[in-house]
Amino acid sequence: MTSGTAAPPADLSDHRRHIAPHVMVYLFAFVPFVALVAAVPLAWGWGLTWLDVGLTAGFYVLTMLGVTVGFHRYFTHGAFRARRGLRIALAVAGSMAVQGPIRHWVADHRRHHAFADKEGDPHSPWAFGTSPVALVRGFWHAHMGWIFERSLTNQRRFTPDLLDDADMRAVHRWFTPLTVISLGAPPLIGGLVSWSWWGALTAFFWASLVRVGLSHHVAWSTNSICHLVGERPWSARDRSTNVWLLAIPSMGESWHNLHHADPTSARHGVGRGQLDISARTIWLFEKLGWASHVKWPTARRLERLAARVS
Ligand SMILES: [Zn+2]
Ligand SMILES: [Zn+2]
């Protein structure tokens, strides 16, 4: 998307944030997360079983990959081609993450890239300015405040491909039933395996509620934290960053600076030791013959994308 003869993008490192708002960003992002993790040993033996842990992990991985590999790298950016079965499976798994129907998700995200950190970006933490107060407000807006906006991104403009696709129209329409399945399957399995109502209840709490809450915050952190703090080794035209701390829970999505520098790349964690579980999954799909034309990064391309040190 071009913006005509607008002024060149702002310098990426024209100022440093004060320490107080910097600490706030970390507190907002990680305290609820740590509390959630701390709740696990506290609940052990009282309302948490190995079955709950397994169900939580299983549904977390399935639905997160549905979003990161499916909604994001495949549907939004076309990082690879997928056979019909995989295409539908990814759309279904992504919908079960309960982050909105597929066309809403993809339209918002394509718009984010078209206007990244500029006017028109649906969730930039820099939307209100650079003062400490503006950044706290911006963090909230980018993390989850924007979700409460009532005006929806124009699907005719941003997702004409999905509107033309009968399979995807069906998955989009099925968002509510898929949400019910996503929340209902864990207690069903937990109840049947433990053969108790209590087992169904704890599975619902952990593998439905906590799992969706956790995956929401991790996904939202890509919009908030990964545009605020972290490293910028790549020449993206926005304020996107790499945040190693989130690499595993985000399935590789927190190598977000590389992603903005090269949006169609199937791998975001391109550096040594930069774990990218989504890229590994795409690699597996390719080996199985389900995915093809995968846009893997090449050394020459990465050289061109490396940030120019001034
Ligand atoms: Zn971004
Ligand atoms: Zn993207």
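Residues 170–189 are 95% helix and 0% strand in this predicted model. Their end C-alpha atoms lie 26 Å apart. The span is one of those that UniProt, in an unreviewed entry, places under the feature "transmembrane region"; the others are residues 23–45 and 57–76. Residues 57–76 are 100% helix and 0% strand, with end C-alpha atoms 25 Å apart.

Valine 171 belongs to helix 8, residues 166–173. Valine 171 is buried, because its relative accessibility is 7%, under the 20% cut-off. Beyond residues up to four places away in sequence, valine 171 touches Ala91, Val92, Ser95 and Leu178. Arginine 103 is 68 residues from valine 171 in sequence, and their C-alpha atoms are 9.6 Å apart.

**Overall build**

The protein has 310 residues, and 50% of them count as buried. Its chain forms 13 helices and 2 strands. Among contacts with a separation of 6 or more, 69% join residues 24 or more positions apart.

**The zinc sites**

Which residues hold the zinc ion of ligand 1? His112, His227, His256 and His260 do so, each through NE2, at 2.0 to 2.1 Å. Along the chain these donors follow the spacing H-x114-H-x28-H-x3-H. Histidine 227 sits in the loop between helix 10 (197–224) and helix 11 (256–261), while histidine 256 is in helix 11, so this pair ties together parts 29 residues apart in sequence. Histidine 227 is buried at 0% relative accessible area. Histidine 256 is also buried, at 1%.

The angles among the 4 donor atoms of ligand 1 run from 96 to 155°, and the site is irregular. Why is the site not tetrahedral? A tetrahedral site needs all angles between 85 and 135 degrees, and the range at this zinc ion reaches 155°.

The zinc ion of ligand 2 is coordinated by His72, His77, His109, His113 and His259. Again the donor atoms are NE2, and the distances are 2.0 to 2.1 Å. The spacing of these donors is H-x4-H-x31-H-x3-H-x145-H. Histidine 113 in helix 4 (residues 102–114) and histidine 259 in helix 11 are 146 residues apart, and the pair links these distant parts of the chain. Is histidine 259 buried or exposed? Its relative accessibility is 0%, so histidine 259 counts as buried.

**Rings and charges**

The whole structure contains 5 aromatic pairs. In one of them, the ring centres of phenylalanine 205 and tryptophan 206 are 5.0 Å apart and the planes meet at 85°, so the pair is edge-to-face. Phenylalanine 205 is partly exposed at 41% relative accessibility. Tryptophan 206 is buried, with a relative accessible area of 6%. Elsewhere, ring pairs link Tyr74, Phe75 and Phe80 into a cluster.

**Threonine 202**

Threonine 202 lies in helix 10. At 8% relative accessibility, this threonine is buried. Which residues does threonine 202 contact, leaving aside neighbours within four places in sequence? They are Gly47, Asp52 and Ala207.

**Positive phi in two loops**

Most residues other than glycine have a negative phi. Aspartate 117 has a positive phi, near 60°. Aspartate 117 lies in the loop between helix 4 and helix 5 (132–143). At 16% relative accessibility, aspartate 117 counts as buried.

Tryptophan 195 also has a positive phi, about 50°, and is not a glycine. Its place is in the loop between helix 9 (175–194) and helix 10. Is tryptophan 195 buried or exposed? Tryptophan 195 is exposed, with a relative accessible area of 71%, over the 50% cut-off.

Note on methods. Residues are numbered from 1 along each chain as its sequence is written. Chains are lettered from A and ligands numbered from 1 in the order in which they are written. This is a predicted model: local features need pLDDT of at least 70, side-chain atom pairs count only at pLDDT 80 or more; totals for chains, interfaces and linings use all residues. Side-chain values use heavy atoms; hydrogens and water are left out. Donors are N, O and S atoms within 2.8 Å of the metal (3.2 Å for Na, K and Ca); water is not among the atoms, so sites may look incomplete. Four donors count as tetrahedral if all angles lie between 85 and 135 degrees; four count as square planar and six as octahedral if opposite donors are over 155 degrees apart and all others between 65 and 115; anything else is irregular. Helices (H or I, at least four residues) and strands (E, at least two) are DSSP runs, numbered from the N terminus. Buried means under 20% relative accessible area, exposed over 50%, partly exposed in between (1.4 Å probe, protein chains only). Rings of Phe, Tyr and Trp (its six-membered ring) pair if their centres lie within 6.5 Å; planes under 30 degrees apart count as stacked, over 60 as edge-to-face and the rest as tilted. UniProt positions are given in the numbering used here, feature names are shortened, and annotations may be inferred rather than shown by experiment. Contact means heavy atoms within 4.5 Å.
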